[in-house]
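Please walk through this model with me, one element at a time.

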Amino acid sequence: YAVDFRGASLEALRRMGILEEVQRHATRMGDMDYVNEKGRKVGSTPPVVFSGELEILRGDLVKILYERTRHDVEYIFDDSITGITQDANGVNVTFLNSPARRFDLVVGADGVHSNVRSLAFGAEEQYAHNLGLYVSVGTVPNHLGLDRKGRFFNTPGRLAGMYPARGNTEAKAMFYFKSEQLDYGRRDVTRQKDLLTEAFAGAGWEVPTLVDAIR
């Protein structure tokens, strides 16, 4: 997935000393075109709508940050926090695989289904609210030969399309669909692919090809 920067966030990149490097890895995405079932263009949106002033793939941004900090920061991979106990002077943390440790501060920045947040504040069901929309993004071949332009097919309650990435060498397929809350495991990728296939059954344009590529 891509990360967009606008306004003050560009200044943050500059102060971090990584603005030029992020710019070198920018997607440089152009317009997003909308087509009908026959692939004929029926509308478009300018780059700023989807890409902000500067856009980079999340994986590329993570690599930049890691390479800039790995010599000064301790990284622990393949592990997870299992317990957090706070007192007036710090935080005791237990891990799934590593020995327990004590820290001055714990910051939870681990996604929508944050493990740290759940440990600190309780089960996410207390504060997570379904908004009736699901999104799926995956890497697929750029079989349409898109050149820094996205192409989407939209019908009521469903949108599917693709946009090129990394210098047009690959593409990202993107799906949005409206639905009541679905029952599936967050790590059950097979079940997620089945739900995506069901949601876009009968859709026209290149949607069947994109669904097959995701599978």
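Contact here means heavy atoms within 4.5 Å. Helices (H or I, at least four residues) and strands (E, at least two) are DSSP runs, numbered from the N terminus. This is a predicted model: local features need pLDDT of at least 70, side-chain atom pairs count only at pLDDT 80 or more, and totals for chains, interfaces and linings use all residues. Residues are numbered from 1 along each chain as its sequence is written, and side-chain values use heavy atoms, with hydrogens and water left out.

Which residues of α7 are buried? In this helix, residues 207-214, they are Val 207, Leu 210, Val 211 and Ile 214. Seen down the axis of α7, they fall within an arc of 100°, so they line one face of the helix. The arc is that of the directions from the helix axis to the C-beta atoms. Buried means under 20% relative accessible area, exposed over 50%, partly exposed in between (1.4 Å probe, protein chains only).

Turn to helix α2 (residues 19-24), which holds Glu 21. Glu 21 counts as buried because its relative accessibility is 19%. Leaving aside residues up to four places away in sequence, Glu 21 touches Ile 64 and Arg 68.

Now a sheet. Three strands form an open, antiparallel sheet in the order β5-β6-β7. Its edge strands, β5 (81-87) and β7 (101-103), each pair on one side only. Pairing requires at least two DSSP bridges between two strands. Six bridges join β5 to β6 (residues 90-95). Ile 81 stands opposite Phe 95 in β6.
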